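Subject: Structure handover

Hello,

Here is the structure I promised to pass on. Please open it and keep it beside you while you read my notes.

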Amino acid sequence: MKRKIVIIGSGIGGLVTGYLLTKQGDHVIILEHDQHPGGCLQAFYRDGIRFDTGFHFVGGLAEGGPLHKFFNELGLLTLPWKNLTEQEIWIGDKSYIVPTGGEEAWFNYFADKFPKQKENLKTFIKVCKDVINCPFSETMPYWEQNAWEWFCKTIDDPTLRNVISGSSMIVELNKETLPLFAFAEIVYSYIHSSCRLVDGGQAIIDHLLGYIQSQGGEIHCSTSITRIAEVDGKVVGVELKEGRTIDADIVVSSIHPAETLKLLSPNTSMRKTYQHRISQLKDSLGSFTCNIKLKKNMLKIHDMPIYIHREGAEIWSYNHDPIDHILVHCYPEQNALDIIAPISWECFKQWDGTTVGHRGKDYETYKTEIFEQCISLAEIALPNLRNAIDKAWTSSPLTWKSYFLSHNGTSYGVCKDCNAPEITLLLPRTPLKGLYLSGQSIILHGIMGTTISSFITAEFLKK
């Protein structure tokens, strides 16, 4: 007999979990509060230009990479992927064009520029591969190990450390807390390979959702959940804003754990200690994004990610005022680009509770100030960018919170802490019977981390 499973949220976590549960014979119902499915996989259009929301490129997708086997099982390898062979990293005014086509090319590049670090680079790659290949059930020592301490012992040249970690904004580098597991997984994935989808993340949405629906699964958008329903300490479904209830044997929440707790009854039987644990978790940074349409023939852009770090800025401790770190993602075929800057919720929380288009003059002025900082920093790599701009649009962590129910505007969910992995490393099963978690806050974040987390959730739910 098929189990009826409701999944809250249709981002990559919800869709992958739904696909896997459908494949094992469950009846899946996905509920999405936005009018379109896909979460951060979605693209949007401005003045005829398609911009990606959160899905720009992925690492480790080529054969033998950490993402390959997962995307193969999901049937996603047949999509129109394009290999990105390089990424550019700017440390101050110095540029490094780093290969992303395999560890041999990566090693040769850095061994040539830092010949005294050859043996250290070999050790770095070996340990990263050990982490990648370790069965997840045996990874706890890597979660308990401080990434920065290991990094300094392994690579003793500070410039080389900056360049290697210069493309790791996704894990929010923190000297005191970042676990080795999170750092090694992300860094090695881009050493191994880097790819982007020619037409953006919509193809992933269509593929995963298409399979779910072909097997009788459902997707309901523009659906607001008011409560996760319980009877005698067990989840029995979800109550919707319009007043009806959808019964379920199991509910899987792929939204932020703190947002999940808001959906519980005040009289929930979930342990207070667990709720307190969730409430104390630290969120990763949010993102300020500039989506830019360029004038024709004014600026030459290349099909590779560009990471820019201001001279003297501490890469392992992000400063947000002024903006010191950005990622530039280019769309050469559309003559457009994105600038993405990690930024704290603290910079925007004074406008929390306001709605899109009604946040006031001070908010718009502040966004303009940050936009100008982003452009000035981007011009280190792209001189004359300012004069080449035709039109530009901006978004902030408040935008993420409005459209994706992102807790405090976080882009990558809960931060992991090597000093307290037993607290920050969440498992899919919650203390409330019938309620499970999925998504980027469980194990890892980003496309790779969220995919792996979803597979782990599906494993917990095997019949």
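Aspartate 232 is exposed, with a relative accessible area of 80%. That value counts as exposed because the cut-off is over 50%. Keep in mind that this is a predicted model.

Where does Aspartate 232 sit? Look in the loop between strand S11 (225-231) and strand S12 (234-240). Its backbone deserves a look too. Aspartate 232 has a positive phi of about 55 degrees, although it is not a glycine.

Now go to Asparagine 408. This residue is not a glycine either, yet its phi is positive, at about 50 degrees. Asparagine 408 belongs to the loop that runs between helix H14 (397-404) and helix H15 (421-424). The class follows because buried means under 20% and exposed means over 50%.

Next, the cavities. How many cavities of 30 Å³ or more does the structure hold? There are three.

The largest cavity has a volume of about 70 Å³. Which elements each supply at least two residues of its lining? They are strand S7 (86-91), helix H3 (103-113), helix H7 (158-165) and helix H8 (180-192). H8 gives the largest share, four residues. To find the site, select its lining residues: Gln87, Ile89, Val98, Trp106, Phe110, Val163, Ile164, Ser167, Ile186, Val187, Tyr190 and Ile191. Ten of the lining residues are nonpolar, two are polar and none is charged.

The second largest cavity has a volume of about 40 Å³. Its lining is made by Pro257, Thr260, Leu261, Met270, Tyr274, Ile278, Thr430, Leu435 and Leu437. Helix H10 (257-261), helix H11 (272-279) and strand S20 (435-437) are the elements that give two or more residues to this lining. The largest share, three residues, comes from H10. What is the split by residue type in the lining of the second largest cavity? Seven residues are nonpolar, two are polar and none is charged.

Move on to the loop with Asparagine 408. Then show the lining of the largest cavity, including Trp106 and Phe110. Finish with the lining of the second largest cavity, including Met270 and Tyr274.

Best wishes

Methods: Residues are numbered from 1 along each chain as its sequence is written. This is a predicted model: local features need pLDDT of at least 70, side-chain atom pairs count only at pLDDT 80 or more; totals for chains, interfaces and linings use all residues. Side-chain values use heavy atoms; hydrogens and water are left out. On a 1 Å grid over the protein atoms alone, a cavity is a set of points where a 1.4 Å probe fits but cannot get out, and a pocket is an open set with protein on both sides within 12 Å along at least five of seven lines; lining residues have an atom within 4 Å of a point. Grid points are joined across faces, edges and corners, and a volume is the space filled by probe spheres set on the points. Ala, Val, Leu, Ile, Met, Phe, Trp, Tyr, Cys and Pro count as nonpolar, Asp, Glu, Lys and Arg as charged, and the others, Gly among them, as polar. Buried means under 20% relative accessible area, exposed over 50%, partly exposed in between (1.4 Å probe, protein chains only).
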